[in-house]
Amino acid sequence: MVSDLRFDGQTVVVTGAGGGLGRAYALFFGARGANVVVNDLGGSFKGEGASSKAADVVVEEIRKAGGKATANYDSVEFGEKIIETAVQTYGRIDVLINNAGILRDVSFKNMKDADWDLIMKVHVNGAYKCARAAWPHFRKQKYGRVINTASAAGLFGSFGQTNYSAAKLAQVGFTETLAKEGIKYNIIANVIAPIAASRMTETVMPPDVLENLRPDWVVPLVAVLVHPSNKTETGSIFEVGGGHIAKLRWERAKGALLKADDSFTPTSILQKWSDVNDFSKPEYPSGPANFMELLEGSIKLPRNAPSEPLDFKGKVVLVTGA
Ligand code: NAI
């Protein structure tokens with residue numbers, strides 16, 4: 001049972017833990033025996049300003065309830081400093097929850113480089129920097145748990161959020177690859193697309209809806225995924241909020257395999273358009289090699305074709321007619 005899951009002696013880093021979802025994670029892990037690094041830059045939801053107050057308040061809450069917590073005020077762009085706080089204070093890092101985030105919503109027509117760049121810096125570089133700094137510790141101790149935070153906006157697109165959508169879908173590819181590289185070292189990585197009441201959503205959703213989307217209802221899934229008992233659920237995408245949890249996965253249509261010769265024209269694709277779009281017998285690919293298998297019989301693949309990745313390093317590739 002989730003209520004029994006404990007994290008005694010483990011060190012959990014939660015980025016953006018001064019409010020919203022991050023605060024809920026931090027309070028939970030603090031109450032379940034973990035040493036919690038409460039990171040928060042303390043700026044506005046648009047990424048302006050900074051203050052130590054956001055993190056300090058949550059640290060105080062955890063301590064008052066009898067838990068162990070330390071504040072860190074660095075931006076996730078300097079993830080190495082956050083991980084350093086964990087290692088210097090508690091001697092280790094076991095769980096990284098990449099949660100910090102901001103919004104710079106604007107229609108694509110009016111998007112400025114600054115809006116794009118800041119979102120990439122905080123979400124993409126931030127998650128990278130924290131994970132990169134934690135990784136050697138995870139590998140060395142043959143244990144690590146990572147949660148990255150995507151969004152429905154990234155999975156499906158959302159008006160006025162091209163920057164945020166791009167950064168959020170990046171979390172999916174990032175996580176899927178971390179999972180593949182990490183499994184050998186008992187490093188488990190999953191990505192969630194949460195929905196919860198926070199300062200991010202309070203301006204776009206009515207109060208009665210927000211009342212049913214408490215951040216606390218995202219926490220139990222995260223706890224299950226980062227608990228030592230989870231040794232196999234990795235590289236997965238979950239939507240979670242308001243008590244509903246569902247896994248998402250990639251789906252490939254039947255598709256059309258056309259002859260790779262002169263008959264392969266735009267018209268030949270249009271003739272097979274219904275097959276290209278036929279999801280009646282879907283496949284669920286899990287890696288680049290799956291696509292290559294579809295080509296068997298059509299192009300010559302070497303026996304024992306390398307599963308992944310295909311390595312063209314040092315090879316000269318001649319593309320004719322390009
Ligand atoms: P929030 O605004 O309440 O919390 C985000 C926290 O991150 C804030 O406390 C903020 O100060 C901190 N932060 C921002 N930039 C930072 C930086 N550079 N370094 C360190 N801390 C920084 O928002 P919420 O809703 O709790 O969001 C948490 C995560 O969940 C974000 O990644 C967000 O994009 C994601 N998300 C939230 C959804 C929701 O429905 N609330 C929906 C989909 C995704």
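The structure is a predicted model, so everything here is read from computed coordinates.

Start with the helices. Two packed helices are described by the angle between their axes and the distance between the axes. Here, helix α1, covering residues 20–31, packs with helix α2, covering residues 53–64, at an angle of about 25 degrees, and their axes are 9 Å apart. Angles under 35 degrees count as roughly parallel, and α1 and α2 are therefore roughly parallel to each other. Their crossing is right-handed. On the α1 side, the contact is made by Arg23, Ala26, Leu27 and Gly30, which meet Val58, Glu61 and Ile62 in α2. Sorted by class, that contact has 4 nonpolar, 1 polar and 2 charged residues.

Helix α1 turns up again around the ligand. The shell there has 33 residues, and Gly16, Gly20, Gly101, Ser151 and Ser198 come nearest. Both α1 and α4 (113–141) supply at least two residues each to this shell, with the largest share, 3 residues, coming from α1.

Is isoleucine 237 buried or exposed? Isoleucine 237 counts as buried because it has 20 C-beta neighbours inside 10 Å, and 20 or more is the cut-off for that label. Leaving aside neighbours within four places in sequence, its contacts are Ala150, Val172, Val191, Ala193, Lys247 and Leu248. Take valine 172: it sits 65 residues from isoleucine 237 in sequence, yet their C-alpha atoms are 7.3 Å apart in space.

Definitions and conventions
Residues numbered from 1 in each chain as written. Predicted model: local features only at pLDDT ≥ 70, side-chain atom pairs only at ≥ 80, totals over all residues. Axes fitted to C-alpha atoms, helices over the stretch in contact; angles between N-to-C directions. Helix = DSSP H or I, 4+ residues; strand = E, 2+ residues; numbered from the N terminus. Parallel < 35°, antiparallel > 145°, perpendicular 65-115°, else oblique. Left-handed = near helix turned anticlockwise from the far one by under 90°. Contact = placed C-beta atoms within 7 Å. Nonpolar A, V, L, I, M, F, W, Y, C, P; charged D, E, K, R; others polar. Near = placed C-beta within 6 Å. Buried ≥ 20, exposed ≤ 12 C-beta atoms within 10 Å, placed from the backbone.
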